[in-house]
Structure formats: C-alpha cells, structure tokens
Amino acid sequence: MNLSNAKLGHVIFSKSLGYEYGCHNKTRRSLQVAATIFAGQINPGAYFDSLANGSNAVYIDRLYSKWWKNPSSVDESWDAYFKGKSRDFSTLSKPKKKESKPTANASRSVSATAGTATAAPNADWKYIDDHLAVQAIIRAYQTRGHLAADLDPLEIVGPTGHYLSIDDRKLQATRAVLRQHYSYSFNDLNALFKLPISTLIGGNEQFLPLKEILERLERVYCGHIGVEYMMITSFFKSNWIREHFEKPGSMNFTADEKKLILERLTRSTGFENFLAKKFSSEKRFGLEGCDIMIPVLKEIIDQSVKSGVESVYIGMAHRGRLNVLANICRKPIKDILSQFRTLKARDWGSGDVKYHLGVFSDRLNRFNNKNVRITVVANPSHLEFVNPVVLGKARAEMYHRGDYRGNKVLPIMMHGDASFCGQGVVYESIHLSDLPAYTTHGSIHVVVNNQVGFTTDPRFSRSSRYCTDVARVLSVPIFHVNADDPEACVHCARVAAKWRAKFHKDVVIDIVGYRRNGHNEADEPMFTQPLMYQRIRKMKPCTIKYADRLVKAGVIKMEDYTAMVSKYEKLCNDAFKESKKIKTFKNSHWLDSPWSAFFQGRDRLKMCPTGVNLKVIEHIGNVYSSPPPPEQKFDLHRGIMRILAMRKKMMEECMADWSLGEALAFGTLVKDGIHVRLSGQDVERGTFSHRHHVLHHQSKDRQSYNSLQFLYPDQAEYFVCNSSLSECAVMGFDLGFSMANPRTLVIWEAQFGDFVNTAQPIIDQFLASGETKWVRQSGLVLFLPHGMEGMGPEHSSGRIERFLQLSDDDQDCFPDLSDPDFVARQLLAVNWFITNVTTPANLFHALRRQVALGFRKPLINFTPKSLLRHPLARSPFQDFDECSSFQRCIPETGKAAASPDCVEKLIFCSGKVYYDLLREREDHQQEETVAIARLEQLCPFPYDAVVTEIEKYKAAELIWLQEEHKNQGGWPYVKPRFDTTLLNIDNEKRCIVYRGRLPNSASATGNKVQHYHEYREYMTSVFGGLTDANKARLKAIKNEKQKSAKHKSEASLAKAKSKQAAKKATSSSEKPSAKEPKKVSSNETKQAPPTDEPKPTEEPKKVSPKEPKQAAPTDEAKPKRAAKASEKLPKTINIVREVVIKPVKFPSPTKKHRNDEDSAAKTTKEAPDDPFEK
Ligand SMILES: Cc1ncc(C[n+]2csc(CCOP(=O)(O)OP(=O)(O)O)c2C)c(N)n1
Ligand SMILES: [Mg+2]
C-alpha cells in the first residue's frame, strides 16, 4: 500500500469534511485534523481520542492561518501541503526546497477562492474529484443507505418506500443512495483510495480499492439493517454508531451466540404454535411473522443487566404480549394457559382480558448470573397510552433507589407500527425524554412493525416514510431491521442496549416483519390485504429458515434443532396439563406493582390522624415565609418579598391562606418521610401566581430557592416541577410515579381544569378503573382549577360531572351509618375520591389523608381560583392541629345553626359558590332563616353528615345550589343520593330542589353580562330581590368603604412621599461606597410580578364584618412563637440550591423515604395473597 498516496488522499477528503460538522468553523477543524494526521503526529484512529484536547490541531490551525497570510512564512513542506498542489509523496517527504516556495500562481490560487482571480491552480483535478466523489459516496451511504436497505421480508415495499415490482428494487435502491453520484465515472474501480476519518469500514486498513469500499458500504448500509443516525448532531455519538456497524466484524456472532438466538426463536415460535394448536379460536394477538421480537428483548435485557441494570419496565400492547409473559418474564405457562379458560377470580376486582394483564417477576438472568426484576405494566386497549405510565414508574424507581443516571432501571417500550406513528401520546411521551424532572435517562423503543395496522396498510395510515419518524425529534439512532434476519435483529438489540447504557438516551429498533394471521387469529386478512397475504402464505417461518442456515453452516445439527423444538413443546404440554388443575385464580397474581410490605399486618380501615402539632405548623410556616438566608445574597424580586411578608403576617396572625395550607400539607408530609412531587404546567409559580415555591435569583441564572426543601435535615424530598405542555403524557407519567411506592404523594395540576380532557384515556382507562381491572392502587391527586368566574367556556370547569359519573358507588344503596368504620369503609369501597374543598385547612387534611389511609385511591380535587386570595377562604391554625381532621361536609355554624327551627331553607352546595352564598345571605339579612352546608367531599357521598343536617333543620326546604349548569357540576350525582337518603330516613315527603344555571352544552358563557345575569337569577331564586331597606344599607356600607379606602390611599401616599424625601436627604449627605453590597436588585424597582395570570373577575363585593374572628395569638405570644421557630431552623443545610439541569440530582434517600417496599418486594417471588381484598 502506498502510504504517501494515503496521506494525500486523506488530506483531500478531510478538507471537504466540513459538512460532517455542519458549519464553516468545523470545516476548518476537519482540515486541522487531516493536516495533523498527514504530519504523522497522530493516526486517524487516535484522532477521535484527541479531538477533545486537540493541541495538535490548534498548532496546525495557527500554521494554516500564518500560511494563508504569507505562504513563505511556513516550512516548505507545509507550504506544499497547504497549496495542495503536490501529489508526489516521495517529493513531499523529501521536499525540493526551491520548488516548494509559494509561487505567484499558488498565491493566486488562494486568492481565487476569495473570488479575486480567475485562473485555476495547476492540479490533477481528476484525481481530486475521484477522492471527493468517493467521500461523497461514503457519506451518501451513511445518510441515505437505509433507504436502499433490504428491510422487508415480504419484498413488497421497495427501498424508496413505494410499492414496486421486485425487478425495480435494486435499481431504485442504487439510485436512492447514489442519487447525485451514479453518473460520475471512475477510471479504475480497483484504484486505491484513502478512507476518510468519517468512516470505519476499513477497520485497520486506511486504504481500500474503490470496489471494496462500495461493497463494504453496500453490506453495512443496504443489507438487512437500515441505520438512521446521521441526524445525530454529535460527532462522537455518530462515530460510536459507525464503530458498531461499519467496523468489519462488528456484526459477527460466535457459534454459541447463534445457537442461543435459535433457541430463543424456537421458544418464541413454539409458544405461538402451541397456543394456535390448543386454542385455535381464541384471540391471542400472535407474534408470528415477528417472532424475533423475543430474542431481541432477551438480548436487550442481557446486555443491560451486564451493564448494571437491575430492574426493567416493559410497556407493551397486545401483539406478542403473552409470549413476553411466558418467555421474558417467565410467568408460569400453566398460569397463562389458565387464562384461556373461564375461571372465577378468588379476590376482588372485575379483571381484564389476558393480553392486558400486568406481571412482575424477580428472576436470575442466566446470561450474567445476576438478578433482575422484570415488570410488564398492565395496559388498556388504548394503544400507546401505557408509555408515559411506564416512564413514570421507571423514574419513580430510579428516585427511590437513588439511581440518578438510570444505571439500574431501564424502561423498554414496545410499539406497533401503526400506533407508534398514529397516536399523539407517543410524541408527547418521547418529548419527556430529556426533561430533568421526567427523564428516565433513555428508553429503548422496539417497534413490532408488521406493516399493517388492523386492516390498514401504511400507505393509508401515515404520511411519514417510516413509522418511527416521530422519534427523529430526539436526534437518536433508529435501527430498521429485517425481521427475517435474526442476527441482524439481535445485533441491533445489542447496540441499542449498549447505546442506552453509554449515552443514556433513547434508541429505536424498528423490526420490519409481517403478521402471519389476521389482526387477531379469528380475522380473515385476505379480505383486505389479498396480495400481501398471498405472499405471506408462501413465507417459511423465520425460525425454520434460521435453523436451516445454521445447519448448513455446520453450527448445529438438524437433530439438535428438532430436539430443541420437541423440548419446548413438551414443556408447553406439561404446563397445559397442569393448567387444567387450576380451578380459580386471583387478580392479584397479575399485579404489576405489589406493595406487599405496605399491606402486611395493616388494618386498612384504620386511618392515621391528619392533624399535626402546632409547633410543626409554626416551624414550617416560618421557613416558608422566610427569604433565603442573608448570607446567600439571594437577589429576590420585590414582588416576592411582598409575598413573603404577607406570609409572615399570616404566621403572626396564626391564619393560613390557600398557599400556606397547601405548603403546610407538603411540609408536614416530607417531615414524615413522604416524598411529595407536584408536577404540571407552570406549577412552580402556580398558574394563578399564588404558590411561588421556586424563587428565582434575579441576577443569576439557574439559582433558585425552594424553602420546602429545607425544612428538616432528614426530611423526604419535595419536588415541584414545571412540565412540558402536555396533559396526557405528564398525567400518565405522574400516575406511573405514584404507583411505584405508596409512601409518596404525587400531585398533577392542570393549568385550568378544562384542559384535563386531553388526558381522558389516562383518566378513564387508568385512574378511574385501574384498580378494578388490575388490582393496582394509586394515590395520585389531580388538582383541577374550577370555578365559574366569567372567564368563558374553556377556563371555568374541570368537569366535575364527568368524574362523578365515573365513580362507582351505588346511588341507590344507603350505607349502614351505624358502622363505626363507616367512613373508612366507604372510602375503601369506591374507585376514587372527589373533593371540592373550600378552606386551606380542609385542603391540608385532604392531602394528608391520602397517605394516612391504609390503602391508596386517586383524589380528584377541584381547586379554586378566586379563593386563592379570598379574605374569607382562610383557616385558623387550630384547624390544622391534632384535634382537627378532614371535614367531608362543613355544616352551618352561624346564627341559623343556633336556632334550627327558624330555618326555612337548608342549602347544600359545594366549592367556591359557598362564599357567594354567604355574601348574598348577609346582603339579604337572612342569616337566621337560611342554613348553608358545604359538601367538601362529593364522592363518596357523605350520607351521615347529610342526614345530620337534614334532620337538624326539620322544617327547612332542601335546596342544592350550584354555579355550574344543571347538566353539569354536582347535581346529576347528588340528586339520586339525596333521594336515597330521604327515602331511608323516612323523610319521603321532603325532596331536594335544584337552584343554579340552566342546562348548557358549553361549560360557561363567554359573555360577562350573561354570566352575571345568570348569577343574579339563581341567587334571586333563593333569596328573592333586595328589599329597599337592604339596598339603602348596602349603599351606605359601600360609601363608607369608599371613603375609608380613599383615606387610606391618601395616607399611604403621604407616607411614601415623606419617606422619599428623607431618603433623598440622607443620600445627598452620604456617598455610597463602591463595595457596599447591593441591597435591592434592579428588578426590585419594578412593581408587582407579571400580571399575565388570570384574575378572578368577580370581585368580592365586601368582606363580612361579622365573620367570626379566628383565634389569634395574644400579642405577647407572637414574638415568642416567632423566636422559638427560628431557633429550630436547621442551621447546617445549604439553603440556596443550584438548579442542575442535567443530570438531575436526587438527595440520597434517607432511611425514612427509602421505602420498605423495595426491600420486601425484592425477596417476594410472587404477588402477595389478597393485598386488595375488600
Ligand atoms: C387508541 C386506539 N385506537 C384504536 C384501537 C383499535 N386497534 C387495536 S389494534 C389496532 C391496530 C394496531 O396496529 P399496530 O399498531 O400496527 O399493531 P399490530 O396490531 O399491527 O401489532 C387498532 C386500530 C385501539 N386499540 N386503541
Ligand atoms: Mg402493525
């Protein structure tokens, strides 16, 4: 091999390598590298290692710049090289001094590139063009080779993506790849070419004949694997891919490995064959045609376990699921087969079809001799919606294990071709991939691409070329592979697992196969895909083809293969016999998230108290209302300072508003070792700007402070995270997170409740019915901002009625109120809780109740908007203390309660409308005749509390008043339950009547006038019109208020003016020192925080002067309490937190929040007995 030629060839190639990096500067860098190689300082292979420090490159870069200005300023050899004129390497190695000086021509050739001269330099242009063409061809294969790859085992879809005749295939393929180059003619295909650093097809060879180059490229890029990776912007990563596909021998398998693939394939095919034989008419969504999926999954798991993975989460739909349970999870085949018979469940739950059930298993990975837990997450029929749930579960396990980089936990997502490109949730989930609070540090996606979705072929189901194009947004590799080439498939699996372990990024394997039968086994595919199925009928199963191949190659003997087949057949037959002995089964044996330790020895009807010691409240409140410690010099926004001051004031008054109530719930939970996670759009500040949990440094990027993370040194973590703008994927993710560990409180908050319907399948298929289908519990909380405040049809309603309609309590069944465990039993029996709380304290208790219960249920809580700052929507601290608890119904406590016999109307309501009623009742001076009771919990219906109220006001007319339209809100749900109540307490003569808005198909009017008109109508229907006396009284009050407001503003103006004058006087007398620490940031001079948040439009008319004064501490008590609390502030913790974007850092789990579940579940081989028996 001519080394000299090699050097030059390399230089020429590398000069045009710029497009590899995509910018001008990078062209220069490739030149530097080429020159470095040429100068013999490094070899091309070493370049990749040295690229990061690049000291040689810097040297050559300088040299090049020098030469550019003055060619004679560098050594002649460099001059010759930079001129690129010489092709005689013997000359170069022994430079002829005089000839190598820059000539006028050479200078001209340089300036010609600058466009100032026209004469071409003297060069062997054909030689240069040949090299450039080879380089372009290499790149063309790398970028477009997959278009010409032989991916379709049926050979129907041509390499250009169109349906072609077979004869056209090769021609089209070549054209597709060499589009721009096939017209270029080389003189000699045997000529040697120096390989550029952008390819590794040479292995240790730096020079190859053109013919060999083309053959190797064809083999790598247009064989049975189509590697789509050139969209990856990192050179390092794309080169890593080349190492695993281009390097000669990279796809070789040993004889043992080949045997293992065949053995796994035999199991995969054998299982489907067995089911087809025994249960020919049963739906099983067989894998035939993509049988290789099992060896692919096995390989991914083997490789991942080798690199440290201990837990694998698999999300998948119907196709091949039973096979995965049998051959990946090793669920006993007898149990799977028992699902084909009609068995009655021995435990609670309505169950699900066999191909939706979840399973988890701890097993030994024989390949590595290491233990691995494999979980297949139960899923509904709704394709792909399990994806975010799997991600959330995986992320939660990472959190609880302290696995910050995803080294121990791996999510694998199985997809169908039609659903992967068709379902939007795929895109929404994929987009969580790199978000710090949602990343799983890479997922492996496997598409079982049988080139059909039910009866629709891809020409009519997608516009993109590949079904995987949706994943291109991630800039990660996508491997398309022919399902009938087992080694190619397993190679892709191996590389995918290694990629994920190395880069912690997603990766996609698109297994292109076919579906041997119809969509399910009873379907006739010839109705709709006749030509395709004519071909499929002629296809030999992949397993048989591969066995033949191995026998021919002498890897195994035919009798070994037949023995392999019979062995598995026998195994299945034995399991079949065993399965007949199974007479009953338990839904809980198909559980994907056993919480065995949590349930062990627990009385599920026993609830822990939710109230806390007031000292704890004081401590948390004080930290929450304090700015970061002064030594941190945290530059706070002036508006935030005001908010903190307001919080402080509340602490002094021992009174909590909504924000404080919520913070106290979170703070007390993390104190108890419960991890709290609040996620959703803009939750850190809160849509309505009430929360402000994450304070931002006004002059330093990535500096933020979240006081709730620094309450106690041994607290669990409080995690609040703004999410991507997706409801479906994020809610699904948080649901998954909540399922991993019962000692977690996960809250997903909607921006406005109205938007929750974009996550409808997560609500319907998982939240509402997950427990009954899969005996799986979740304590996920949804915060759905709700309230008719004139904000229009899309900003008013979280659609209470829909959630209530999905509740599974029986409207006609009146419970046994004498049962001492009535409340807990009622909670245990229902599928979820629905609340619309009206006080901060009740919010506090509702949230704490989520973890105080002996079981987990979702909580749908409708949260207020205007109440967030409503002066009456506050709770005194004693409502949080040990004697307090969640109030499912808050009864009337005012004048009406004192003389119930005088009460003419008993109004039941729920939510924010209570405060409207309160004001109206006062305006109308009907406090003695109208009683108001609030249903804070709508579902399960608080029959006992309702009975108490009804029986107390014996003569009162019963009214349900709501601000929602009649066909919406609570009415459709409460009406039959009130009727049942009245019937059962011998009050048949009484009935409940409706007051509120008329039915409407929209949730609210968009017209403010209409909104107030509706409001006035239903209030008048209860209280009548205002009397003249009341009108006059209200007017007087209004005038009085206005007067005092005017007074107040004048006084504060005067105060501000005098302050300013005083400041001016002092500043003129003192010169500020340059070193003086800045006290106020530039932003602080700005006024209130951004006001883009929606404001409640219905301004409270007035605050009731008669509102009972909440117990305020005595004046002496205040300072004492504040001093005490500050003493307790942990002194050692570092308050200011640097926000780390990537990777996310979790605190190392404390003993408290490292859950006992994991350790217990690790030793559990099978799901526990009856964990959810009701
Ligand atoms: C959200 C949703 N829409 C429609 C269906 C009905 N359906 C079930 S399977 C299927 C075809 C899926 O095709 P593909 O994703 O290619 O998987 P395959 O069955 O081919 O393995 C359809 C449309 C469904 N289950 N879920
Ligand atoms: Mg399909």
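Contact here means heavy atoms within 4.5 Å. Leaving aside its neighbours within four places in sequence, Thr758 is in contact with Glu727 and Cys728. This is a predicted model, in which local features need pLDDT of at least 70, side-chain atom pairs count only at pLDDT 80 or more, and totals for chains, interfaces and linings use all residues. Residues are numbered from 1 along each chain as its sequence is written, and side-chain values use heavy atoms, with hydrogens and water left out.

**The loop residue Thr758**
- Thr758 sits in the loop that runs between strand S18 (744-749) and helix H29 (760-768), where helices (H or I, at least four residues) and strands (E, at least two) are DSSP runs numbered from the N terminus.
- With a relative accessibility of 43%, Thr758 counts as partly exposed, a class lying between buried (under 20% relative accessible area) and exposed (over 50%), for a 1.4 Å probe and protein chains only.
- Although Thr758 and Glu727 are 31 residues apart in sequence, their C-alpha atoms are 6.1 Å apart in space.

**H17 against H28**
- Helix H17 (residues 386-401) packs on helix H28 (residues 728-740) at an angle of about 45 degrees, with the axes 6 Å apart; axes are lines fitted to C-alpha atoms, for helices over the stretch in contact, and angles run from 0 to 180 degrees between N-to-C directions.
- The two helices, H17 and H28, are therefore oblique to each other, given that angles under 35 degrees count as roughly parallel, over 145 as roughly antiparallel, 65 to 115 as roughly perpendicular and the rest as oblique.
- The residues of the contact of H17 with H28 divide into 12 nonpolar, 3 polar and 3 charged, where Ala, Val, Leu, Ile, Met, Phe, Trp, Tyr, Cys and Pro count as nonpolar, Asp, Glu, Lys and Arg as charged, and the others, Gly among them, as polar.

**H9 against H11**
- The axes of helix H9 (residues 125-144) and helix H11 (residues 210-221) come within 10 Å and cross at roughly 10 degrees, and H9 and H11 are therefore roughly parallel to each other.
- In this pairing, Val134, Ile137, Ile138, Tyr141 and Gln142 of H9 meet Leu210, Ile213, Leu214, Leu217, Glu218 and Tyr221 of H11, a contact with 9 nonpolar, 1 polar and 1 charged residues.

**Helix H23**
- Tyr561, Met564, Tyr568, Cys572, Ala575, Phe576 and Ser579 are buried in H23.
- The cover over the buried residues of H23 includes helix H13 (255-278), helix H15 (321-327), helix H16 (333-338) and helix H22 (542-552).

Methods
Chains lettered and ligands numbered in written order.
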